[in-house]
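This report covers one protein model.

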Amino acid sequence: MALVCVGSVRAAPGATTLALCVGGSWPRPAALLEADPAGGVLATRYQLGRTPGLADLAAMVENHAAPAVIWNTAQALPGGLAAVVAPESGDIAAGILNDVARPLGQWCARLGEADVIADCGRVGAGSPALGLLPAADVVLVVVRPRVEELYPAAHRVRNLIQGRMATVGLVLVGSRPYGPKEISAQLGVPVLGVIEDDPRAAAAIRDGGSARVLRRSALVRSVQSFVDDLAADLGVETPAEAPPPADPVEPVGALPHSREEGVG
């Protein structure tokens, strides 16, 4: 099955939003893995329990976990996407990833139960999440097409490519002031896709909003088109009896939350 890693280099271009939307739009059963060394946001944002989560999955992977463990350590986000949440503490999350990122990436890539979309946070030099990347089928580096963001992102992509990672490229949030062809030609790095810059829809995904409006938003439509192309490039096919994809844009509160008793 596929392992798709999503990250950024500078600023906050929307890597987590893209990972959420990709996971929710994926044509096969998929789980979102929160692997940001700066700490997780999903449990707090969506009022989930702190466990099960990344720490539980890491412990089981070290003990040669069965594939079904991906579901046992995940919680349902609003809309139904399964997510393995990371601790809010960057110190704890980074410590977990320092210990198990490489075997965790290899385990995710071998799953027969699900494809995994990993939100790796910033993938700069020295990031503990880098251990996941060698096992990935594709690494998406999210960036806004601004000079101050493009140059460091392009340098990072070139370094990852030289490190013999799998397919690595930029995903642009918007196409202004520079478009994909110009960026690829000038900076010499692949641009794998363009996602619409739609702050209103991104905020609604983050904070809750009308699912009907979001489904018709430029952001969600552009992500679906991007996912269709990416899945085709990876040879990902929808199983004949697969359930429909999770809804990436269901407003917060639409489903019962998996809150543990006593967790605020």
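## The largest pocket

The largest pocket holds about 500 Å³ of space. Its lining consists of 27 residues, and those closest to the pocket centre are Ala 12, Pro 13, Gly 14, Ala 15 and Thr 16. Two or more lining residues come from each of helix 1 (15–25), strand 5 (115–122), helix 8 (199–207) and helix 10 (218–234). Helix 1 contributes the most, with four residues. Sorted by class, the lining has 13 nonpolar, five polar and nine charged residues.

A pocket here is an open set of points on a 1 Å grid over the protein atoms alone, where a 1.4 Å probe fits and protein lies on both sides within 12 Å along at least five of seven lines; lining residues have an atom within 4 Å of a point. The volume is the space filled by probe spheres set on the points, which are joined across faces, edges and corners. Ala, Val, Leu, Ile, Met, Phe, Trp, Tyr, Cys and Pro count as nonpolar, Asp, Glu, Lys and Arg as charged, and the others, Gly among them, as polar.

## Model and confidence

The model is predicted: local features need pLDDT of at least 70 and side-chain atom pairs pLDDT 80 or more, while totals for chains, interfaces and linings use all residues. Residues are numbered from 1 along each chain as its sequence is written, and side-chain values use heavy atoms, without hydrogens or water.

Mean pLDDT (the predictor's confidence in each residue, from 0 to 100) is 89, and 89% of residues reach 70 or more. Over residues 251–264 pLDDT stays under 50, and the model has 30 contacts (heavy atoms within 4.5 Å) beyond four places in sequence for them.

## Fold and burial

The protein has 10 helices and eight strands, taken as DSSP runs numbered from the N terminus (helices H or I, at least four residues; strands E, at least two). Of the contacts with a separation of 6 or more, 77% join residues 24 or more positions apart.

Buried residues (under 20% relative accessible area, with a 1.4 Å probe and protein chains only) make up 53% of the 264 residues. Helix 1 is largely enclosed by the rest of the structure, because 11 of its 11 residues are buried. Among them are Ala 15 and Thr 16.

## Cysteines

Cys 21 of helix 1 is buried, at a relative accessible area of 1%. Cys 120 is buried as well, at 0%. The sulfur of Cys 120 lies 4.0 Å from the closest cysteine sulfur, in Cys 5, which is too far for a bond. The count of disulfides (pairs of cysteine sulfur atoms within 2.5 Å) is zero.

Conventions: Buried means under 20% relative accessible area, exposed over 50%, partly exposed in between (1.4 Å probe, protein chains only).
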